[in-house]
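The following note sets out numbered remarks for a colleague. Please read them alongside the coordinates.

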Amino acid sequence: MTAQVIVVGSGPAGVSAAWPLVKAGAKVLLVDGGTAVPLPQGEGSYFELRTDQQSHWRFFLGANFYALKQAGDVSPKLRVPGLAPTFAGFTDRFPVAVEDFKLFGSLARGGLSNAWGAGVAGFTQAELAALPVPYGEVRRGLQAVTKRIGVHGEVADDLGEFFGSGFHLQPPPPLELPAQVLLSRYQRQKKIFGAFVLGRGRNAVLTEPKGDRLPCNLCGLCLYGCSRKAIYNAAFDLEELEKHENFRYVPRVLVEELMRVGEEWEVRGRNLENRAPVALRAPAVVLACGAVGTGFLVLKALRLVGIPIRLLSSPVAAFALLIPNLLGCPTRQESFGLSQLAFKLSFDPKLYAFGNLFSTSGLPPSEFLLRSPLFLPTSRRLFRYFLPAMLVGNCFFPSVFSRHEMELCGDGSLRISGGYSAEFPAIARKTHKALRRAFFSCGAWLLPKSFRVAPPGSDIHYAGTVPLRSSPQPHEALPSGEVAGLPGVWVADAAALPELPAKPHTLLVMALADRVGREVARRLKAYAKGRIPND
């Protein structure tokens with residue numbers, strides 16, 4: 001098939017850009033690493049695996065004790081043996097050197113959506129003030145993507161407007177007892193909180209069937225992958241795209257550079273199996289391989305060597321809550337392992353932190369035992385009593401507090417250095433104190449020394465390396481998404497975001513990618529008719 005568009009990356013942004021192109025009849029090649037991440041098999045539950053199977057340790061720890069070897073990583077999903085293929089090989093095959101920065105990426109089919117938390121949110125016009133895109137277009141994209149992937153949430157609580165109204169939402173799953181108690185106490189006295197707001201989480205997880213995807217059955221295995229396909233994964237969209245004759249998927253290719261050849265772009269890389277060179281040509285290229293990968297390819301195509309550019313991320317902290325009144329309550333056999341509740345903590349009208357609260361019932365005990373200061377036998381007895389009364393949380397901060405840089409080196413490799421702003425430690429301490437007071441008023445204790453800020457990059461919310469600007473400079477993009485100085489090359493992932501709020505941004509990225517796909521399709525039709533369209 002002679003391609004009209006090459007899409008690089010099969011994550012949420014890549015498939016979202018490909019959909020409108022394929023529907024418009026364009027001939028599309030989608031290329032990426034293509035590592036398979038198999039879904040778990042069977043209909044078992046977390047509780048059953050823990051209690052009924054002799055070899056359950058292999059599922060939770062891995063045959064080679066993979067989970068224990070990753071003990072230094074912040075997020076539990078980085079220690080799940082079944083998710084190892086999601087992250088495998090990225091830093092080994094990608095020519096990058098990092099300093100004070102935790103770098104994660106994916107060469108997998110479906111990208112990082114194989115291992116994401118599935119949290120999503122809409123955005124207000126004020127939050128997108130730095131984005132040179134008409135708000136109505138973003139809003140329509142958000143609505144379309146929400147309906148396509150399936151999202152559950154609540155619009156009638158205090159976070160309904162924060163997450164966005166006017167979206168097609170499925171009902172949220174039932175809350176577990178600790179989350180019920182926390183939310184009930186908040187609702188009885190919420191007038192005292194002011195800057196702190198608590199409500200239901202919003203997730204790209206089905207609670208009602210959608211096509212061949214089945215709704216959540218509260219098995220508690222969300223962290224390990226969903227055999228029912230309830231949790232959205234871009235690989236599901238890729239399966240649907242492959243049913244179209246004008247779409248072809250080219251896996252096991254690591255894209256290394258873009259070269260202009262006549263009126264076309266040549267995407268050059270190598271096969272990950274045999275290292276053989278690969279070259280694919282098309283008039284248009286859509287980059288959706290992550291903020292780091294997309295930024296790297298743009299810097300290389302523009303030959304911007306030795307020029308540091310900003311890499312955005314959302315600093316993140318983790319913490320644990322204990323509800324003393326629930327100590328000793330029975331272990332739950334049914335659970336939902338992703339965000340049960342969410343919160344917003346405002347610093348001023350334009351600046352806030354955002355976080356999620358999760359049940360402990362889907363987390364392996366090793367997550368807690370490894371961090372206990374007590375001897376292992378004592379810790380096991382203690383946590384058996386404590387865990388049913390606990391929630392764990394994360395807290396994200398906006399990218400204004402990140403100070404990361406990315407630079408293309410003369411040898412063609414990439415250098416990334418990380419850091420936080422000078423103001424961030426004080427903001428983190430202020431947030432810790434405010435959350436401790438707020439949760440205490442709801443009957444929960446934020447456990448001492450559990451509030452820990454993760455190292456730079458641990459959030460994996462990377463953005464901003466090819467930002468959309470009204471008047472773009474080198475390595476930036478026009479409002480349409482076309483990269484300045486690289487006509488025919490488009491950015492369709494988080495690299496396009498000029499700023500990164502604290503709330504989840506995947507839905508926004510997918511909406512912008514959908515917009516890019518529509519614009520590229522419009523351009524192709526105009527060129528086919530002999531017209532040169534306006535930007």
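1. Gly269 has Val278 in strand 8 as its bridge partner. Strand 7 and strand 8 (residues 277-282) run antiparallel and are joined by six bridges; strands count as paired if DSSP finds at least two bridges between them. Strands here are DSSP runs of E with at least two residues, helices are runs of H or I with at least four residues, and both are numbered from the N terminus. Five residues lie between the strands of this hairpin, where Arg275 takes a positive phi near 65°.

2. The model is predicted: local features require pLDDT of at least 70 and side-chain atom pairs 80 or more, whereas totals for chains, interfaces and linings use all residues. Residues are numbered from 1 along each chain as its sequence is written, and side-chain values use heavy atoms, without hydrogens and water.

3. Strand 6 (residues 253-261) is also antiparallel to strand 7, through eight bridges. Leu258 is partnered by Val267 of strand 7. Two residues separate the strands of this hairpin, and Gly262 in the turn has a positive phi of about 65°.

4. Of the eight residues in strand 7 (residues 264-271), six are buried, meaning under 20% relative accessible area with a 1.4 Å probe, protein chains only. In the protein chain, buried residues account for 59% of 535.

5. The largest nonpolar core comprises 175 residues, and Leu182 is among those with the most contacts inside it. Such a core is a set of buried Ala, Val, Leu, Ile, Met, Phe, Trp, Tyr and Cys residues joined through side-chain atoms within 4.5 Å. Helix 15 (residues 506-528) gives the most to this core, with 11 residues.

Terms used: Buried means under 20% relative accessible area, exposed over 50%, partly exposed in between (1.4 Å probe, protein chains only).
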